[in-house]
Amino acid sequence: MKLYTISLNNLRRRKAKMIFLVLGLTIAVSTVVTLITVSQEMNADIANKLDEFGANIVIVPKSDALSLSYGGMAVSGVSLDARKLHESDAEQIRWIKNRDNIKIVAPKLLNATKVFQRDVLVVGVVFEQELSLKKWWKVAGRKPSASREAIIGTEVKGKLKLDLNQSFEVSGEQFIVTGILEPTGSQDDGVVFIDLKEAQRLFGKPTELSLIEVAALCYDCPIEEIVRQTSEKLPGAKVVAIRQTIESKMEAMHRFEHFSYGISGVVLLVAALIVATNMTASVNERTREIGVFRAIGFRQSHIMKIILTEAFLTSFFAGASGYFLGLGVANIVTPLLTMNGGGGFLMNYTMLGFSLVLAVTVGLASSIYPAYRASQLDPTVALRAL
Amino acid sequence: MAFIEIQHLNKIYRTGTQHVQALRDVSLEISQAELVAVMGPSGSGKSTLLSLLGGLSHPNEGKVIVDEIDVYSLDVDQLADFRREYLGFVFQSFQLIPYLTVLENVMLPLAVTSLSRAVQARMAIEIIERVGLRSNALRLSDELSGGEQQRVAMARALVNQPPIILADEPTGNLDMATSEEIMQLLRKLNNDGHTCIIVTHNPENAKYAQRCVHLRDGRLYSQTVADLTNVSA
């Protein structure tokens, strides 16, 4: 006979009395597990969607020239530096260690030229990548399908008096406007977009690039690591993470996380109150029993150990059952909340361990006062027979 | 020096603004292996005296010295250890743990010792056999009759081999025949060397004692040496 035998026997033969305690803690733990699992999945889903919304890394040649800028970055329009970016550099990005995090690579060639005797910035792009990168673009008309077709910004339309299906000349070659951007509020409004290959041919810069915009999925890989790996691949380039974009994305994710944590905290507090109430009631019911323990020579610490062992065992069981219940609920709920059909969560031993620790911590913390009260019971009052 | 010395015990119970003096200047000496009955009307202080002897309550004044140990100079943990080593309690309403078997109830005082399970079980079975309940060892205690439960309580009181047995109305909830069995068992324990102090209001039980101590209004009223010639050992 050991003290834990007393606890085990009490639990085994008085199951009904502990049911509410176990139920309360199980529901609390399962709620926490569900919230954390679902919010992690939703964060990843949101983050991935946000990561596809524009570039978060820009790559430019290492250059001192500031003749032209795009997106606030120095580009190699008139560069004194011999190092330039090439199409092969864009390919190299797809081979970094975290290549699975590289979602979109949008190379560009920038050049200032005259259209209708006015200086215009012409940007050669790969339209498929560019349109994937800039999901906020609303194009009146259609995207270019041939090499001599172009998209113009709304300011270009206004200043050059160009409209859909009208033609204009760039370096002696005719282009047709197939699409006009609705106002974006960015520099894209004042730019002419043509096919990259055409731009390279027209401006005599075969395979050359001015900059590369990259949309990287940085939810589970820090952006700094992707930047570092890219810089290693492209030693002659300047690789920069766009902090503002990243930080606003992270803020959106963190708000949802904080909300989940807040709800989890409230639920755990309620569970703690349920445990404390149940344990106090249990101690009150067992006043005589505790009096007997004291009379036969149990110390106050022995009484506390019995009560806390019972709390530990019930909490541990509640933690395990709460984890599996939470996992099941997360698997049902997640596909409804995410658009990528998420779910299918498998056993996660870290989360199981966390659930057990959480349940036991809440259970024990809530039981300390009832256990202390039990240990302080006056044996004569407890027994009432003496 | 006597085995148990009670010196000028006073005990006052306070409830709100009222107070009740349960014991007034009680002094008593008890020898080792003596069987003493404490008698008196309701409210005379019998149970209070027993609780003070057992270290379950604290006197307002006075001392209890057992085997040269000043009981109320001990701290809380030392007092618990003292009860475990020196005392075995038998209560009127048995006070068994209902969710434990007979064997587990008897082993209960050993749960806080360092003895192995095997040794504990051996000690408990030996005592259970002594009180005649071997066949009931694995039954839950609340499945037994009153007399059987009281035997279990006595076995629990004995398992630690305490020198002193304190019994508060041990036959109070039992019929006459069973009461006699219990008292004979107590007599037998006393013959084995245990010092037994029994609180009782039943004169039939007092016949088993070597000495009767009478309390009235919290005071030691008288002491009589019992005639044991008609009581079988």
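Visitor: What makes the crossing in which α1(A) passes α10(A) right-handed or left-handed?

Guide: α1(A) passes α10(A) in a right-handed crossing. A crossing is right-handed if the near helix is turned clockwise from the far one by less than a right angle, and left-handed if anticlockwise. The model is a predicted one, in which local features need pLDDT of at least 70 and side-chain atom pairs count only at pLDDT 80 or more, while totals for chains, interfaces and linings use all residues. Residues are numbered from 1 along each chain as its sequence is written, and chains are lettered from A and ligands numbered from 1 in the order in which they are written.

Visitor: Why is α1(A) called oblique to α10(A)?

Guide: Helix α1 (residues 3-13) of chain A and helix α10 (residues 300-337) of chain A pack at an angle of about 50 degrees, their axes being 9 Å apart. That angle makes α1(A) oblique to α10(A). Angles under 35 degrees count as roughly parallel, over 145 as roughly antiparallel, 65 to 115 as roughly perpendicular and the rest as oblique.

Visitor: Which residues of α1(A) make the contact with α10(A)?

Guide: On the side of α1(A) they are L3(A), Y4(A), I6(A), S7(A), N10(A) and L11(A). Two residues are in contact if their C-beta atoms, placed from the backbone, lie within 7 Å. By class, the contact of α1(A) with α10(A) has 6 nonpolar, 5 polar and 2 charged residues.

Visitor: What makes α10(A) roughly antiparallel to α11(A)?

Guide: α10(A) and helix α11 (residues 349-375) of chain A pack at about 150 degrees, with axes 7 Å apart. This angle makes α10(A) roughly antiparallel to α11(A). The crossing is right-handed, and the contact residues divide into 22 nonpolar, 9 polar and no charged.

Visitor: How do you know whether G179(A) is buried or exposed?

Guide: G179(A) has 20 other C-beta atoms within 10 Å and is therefore buried. The term requires 20 or more such atoms within 10 Å, whereas 12 or fewer means exposed and values in between partly exposed. G179(A) lies in strand β10 (residues 173-181) of chain A. Among the residues it touches are V139(A), P144(A) and I151(A); the C-alpha atoms of G179(A) and P144(A) are separated by 7.2 Å.

Visitor: Which element gives the most to the side of chain A that touches chain B?

Guide: The contact takes 25 residues from chain A and 30 residues from chain B. α1(A) gives the most to the side of chain A, with 6 residues.

Conventions: Axes fitted to C-alpha atoms, helices over the stretch in contact; angles between N-to-C directions. Helix = DSSP H or I, 4+ residues; strand = E, 2+ residues; numbered from the N terminus. Nonpolar A, V, L, I, M, F, W, Y, C, P; charged D, E, K, R; others polar. Lists of a residue's contacts leave out its neighbours within four places in sequence.
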